[in-house]
2 protein chains.
Amino acid sequence: MSLLVVGSIAYDSVETPFGKVDDVLGGAAAHFASAASFFAKVKMVGVVGDDYDLANLDFLKAREVDLEGVTRAKGKTFRWKGRYGYNLNEAETLDTQLGVFADFKPELPSEYRKAPYVFLANIHPELQLYVLKQAQNTKLVALDTMNFWIEGERPALKKTLSAVDMVIINEGEVRQLSGEYNLVKAARAVLSYGPSRLIVKRGEYGALMFTEDHIFASPAYPLEAVFDPTGAGDSFAGGVMGHLARTGDLSNNNLRQAIIVGSVMASFHVEDYSMDRNKTLLEAEVHERFRAFRALTEFEDLVVPPE
Amino acid sequence: MSLLVVGSIAYDSVETPFGKVDDVLGGAAAHFASAASFFAKVKMVGVVGDDYDLANLDFLKAREVDLEGVTRAKGKTFRWKGRYGYNLNEAETLDTQLGVFADFKPELPSEYRKAPYVFLANIHPELQLYVLKQAQNTKLVALDTMNFWIEGERPALKKTLSAVDMVIINEGEVRQLSGEYNLVKAARAVLSYGPSRLIVKRGEYGALMFTEDHIFASPAYPLEAVFDPTGAGDSFAGGVMGHLARTGDLSNNNLRQAIIVGSVMASFHVEDYSMDRNKTLLEAEVHERFRAFRALTEFEDLVVPPE
């Protein structure tokens with residue numbers, strides 16, 4: 001089933017202890033689509049400036065990503081510049097130039113309005129709601145957000161949260177949103193705002209999924225070479241939503257698989273800059289790493305010893 | 001099979017956002033024994049001062065912990081005072097009074113020298129080696145250490161590491177010991193010092209085990225009420241070593257089970273101050289939570305979809 005993503009398309013400049021790249025393909029919607037397109041037909045909504053080289057998106061087109069919703073506006077493309085230290089969990093933002101993204105008002109082409117799976121990447125919560133009002137046939141709507149909106153647009157965010165099924169945010173955002181430090185209590189608070197599922201991203205520590213009566217824990221894949229974590233969270237969400245859209249199954253068992261698929265996609269994503277690793281990734285490699293997650297986590301039942 | 005532990009016995013005073021306790025039973029050897037005694041016959045070596053109320057250890061005696069190796073010296077018992085904020089992963093030490101622990105020189109009673117399983121809790125690496133020279137029949141020796149010895153006694157620690165089979169330390173210690181930030185590289189460096197197995201404790205994020213060709217990841221149990229993490233790492237090690245000593249099986253599969261057992265014991269440990277939760281814990285509860293770890297982590301195989 002088709003999967004709609006709405007969010008940023010950007011030029012990123014990134015420094016890590018291992019090197020530096022300038023003006024590479026970035027943005028939440030692009031990272032998400034690069035991962036999700038392995039599994040489902042993705043329809044993308046975003047905006048680029050007149051400085052943007054649309055050839056950047058050719059590899060997505062080759063993966064049957066529908067780019068009808070990507071519009072070009074007069075002005076500069078969104079640019080983000082960031083730096084990571086050895087602790088690759090935390091980026092330091094050096095510069096943000098919103099450019100045409102400042103006036104982004106996502107309009108869904110008519111073909112997009114029937115997409116059953118929707119991912120609202122991190123944009124203003126009112127715009128997220130504006131997208132939802134155009135969607136006519138949703139089966140699962142998931143949302144990402146960030147500290148900026150949690151702090152500055154809480155009422156709007158709460159309203160949008162009440163209209164979505166799933167939230168995919170990081171650990172700090174869960175704590176900030178709920179005002180609770182303890183993650184179990186924080187998760188329960190977020191679920192009380194409306195969504196029935198919360199996926200907590202924990203970077204190199206993996207992910208947790210909470211539903212009303214259910215918790216699932218996934219580790220991150222222990223990697224020896226992490227080059228660039230930019231977009232890893234969106235790549236994770238792309239794997240999760242891509243798997244759900246492909247299978248059309250929202251059972252807890254399938255959500256667990258989806259989280260492992262997301263973890264697999266994020267683990268590849270960080271192995272190179274931008275979404276370069278995804279460009280050459282093979283489906284067989286995805287399956288191989290999925291099996292590696294099983295090998296990483298499985299253990300046998302404990303036998304009660306005789307008295 | 002019997003399990004020897006050598007380490008501190010202390011009076012702890014602990015403040016958390018949830019309350020405060022003074023002069024409660026603490027020390028690595030005591031925490032370790034309180035968990036390990038669920039699974040194996042524990043022999044404990046430590047020292048207390050003439051101010052120590054030996055009735056504190058009665059509950060260990062009731063669990064058949066051999067206390068012959070606990071000596072009483074003239075002076076004060078080791079005292080530690082610490083405080084935790086909402087981030088219960090990190091303690092702030094307010095005061096340390098070594099007392100009789102400053103002159104601790106662990107001597108093994110003759111019955112102790114044949115213990116096949118040995119846990120060297122966090123003491124001076126030269127004393128750890130001194131214990132090993134007295135042990136005559138070891139099947140598995142595991143060691144804990146801390147930043148103080150890694151920084152100040154590196155040559156002695158390296159020598160001790162070359163004589164043990166397993167290291168159980170936290171993430172920061174792995175990085176400090178190896179000089180590597182990346183955990184996979186750091187683990188490989190630690191294994192190159194001698195031990196064939198490394199277990200990395202990550203607090204609320206769980207644990208990782210590394211062998212030469214093998215990684216296992218365990219989550220921590222998501223708890224809604226964490227009261228006091230003091231001793232959780234020693235309780236974890238007690239569960240790991242207790243399970244190994246009970247089963248006498250050092251296969252990777254059994255090591256995985258041991259890590260889950262350790263995680264179970266740590267998860268109970270933090271539910272109350274000191275080792276109070278362990279005092280009332282039932283074996284059936286241990287098994288129930290072990291099954292909860294399976295429910296927390298299991299997922300189904302990914303089926304390759306038809307083309």
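Predicted model: local features only at pLDDT ≥ 70, side-chain atom pairs only at ≥ 80, totals over all residues.
1. If you want one pair to find on screen, look for B:Ala10, whose bridge partner in E3(B) is B:Gly26.

2. What else does E2(B) pair with? Strand E6 of chain B, residues 78-84, runs parallel to E2(B), and six bridges join them. Here B:Ser13 sits opposite B:Lys81 of E6(B). Five of the seven residues in E2(B) are buried, so the rest of the structure largely encloses this strand.

3. Now over to chain A, which has eleven helices and 13 strands. Its radius of gyration is 19 Å, close to the 19 Å given by the globule rule for 307 residues, so chain A is as compact as a globular protein of that length. Along the principal axes, its C-alpha atoms fill a box of roughly 80 × 40 × 35 Å. Of the 307 residues in chain A, 52% count as buried. Take the contacts in chain A between residues at least 6 apart in sequence: 65% of them join residues at least 24 apart.

4. The sheet in chain A deserves a slow look. Nine strands make an open sheet with mixed pairing, in the order E5-E4-E1-E8-E9-E10-E11-E12-E13. At the edges stand E5 (66-72) and E13 of chain A, each with a single partner strand, so one side of each has no neighbour in the sheet. From one strand to the next, the twist averages 15°.

5. A:Leu4 is opposite A:Lys43 of E4(A), while A:Val5 is opposite A:Met44. Helix H1 of chain A (residues 28-36) packs on the sheet, where it touches E1, E4 and E8 (117-120), and its direction makes about 160° with that of E1(A). Another helix on the sheet is H6 of chain A (residues 171-178), touching E10 (166-170) and E11 (197-201); the angle between the directions of H6 and E10(A) is about 110°.

6. Stay with E4(A) for a moment. Is it buried or exposed? Seven of its seven residues are buried. A:Val42, A:Met44, A:Gly46 and A:Val48 point one way, with A:Lys43, A:Val45 and A:Val47 pointing the other. E4(A) also runs parallel to E5(A), joined by five bridges, and A:Val45 stands opposite A:Gly69 there.

7. Next, the core. The largest nonpolar core has 203 residues, and A:Leu3, A:Val5, A:Ala36, B:Leu3 and B:Val5 have the most contacts inside it. Beyond its neighbours within four places in sequence, A:Ala36 has contacts that include A:Leu3, A:Val5 and A:Val42, as well as A:Gly238. As a general point, nonpolar side chains in soluble globular proteins tend to be buried together.

8. Finally, where do the chains meet? Chain A puts 31 residues into the contact and chain B puts in 31 residues. On the chain A side, helix H7 (183-192), strand E13 (214-218), helix H9 (252-269) and helix H11 (283-297) each supply at least two residues. That side of chain A has 20 nonpolar, five polar and six charged residues.

Notes
Residues numbered from 1 in each chain as written. Chains lettered and ligands numbered in written order. Helix = DSSP H or I, 4+ residues; strand = E, 2+ residues; numbered from the N terminus. Rg over C-alpha atoms; globule rule 2.2 N^0.38 Å. Buried ≥ 20, exposed ≤ 12 C-beta atoms within 10 Å, placed from the backbone. Contact = placed C-beta atoms within 7 Å. Pairing = 2+ DSSP bridges. Core = buried A, V, L, I, M, F, W, Y, C linked by C-beta atoms within 7 Å. Nonpolar A, V, L, I, M, F, W, Y, C, P; charged D, E, K, R; others polar. Axes fitted to C-alpha atoms, helices over the stretch in contact; angles between N-to-C directions.
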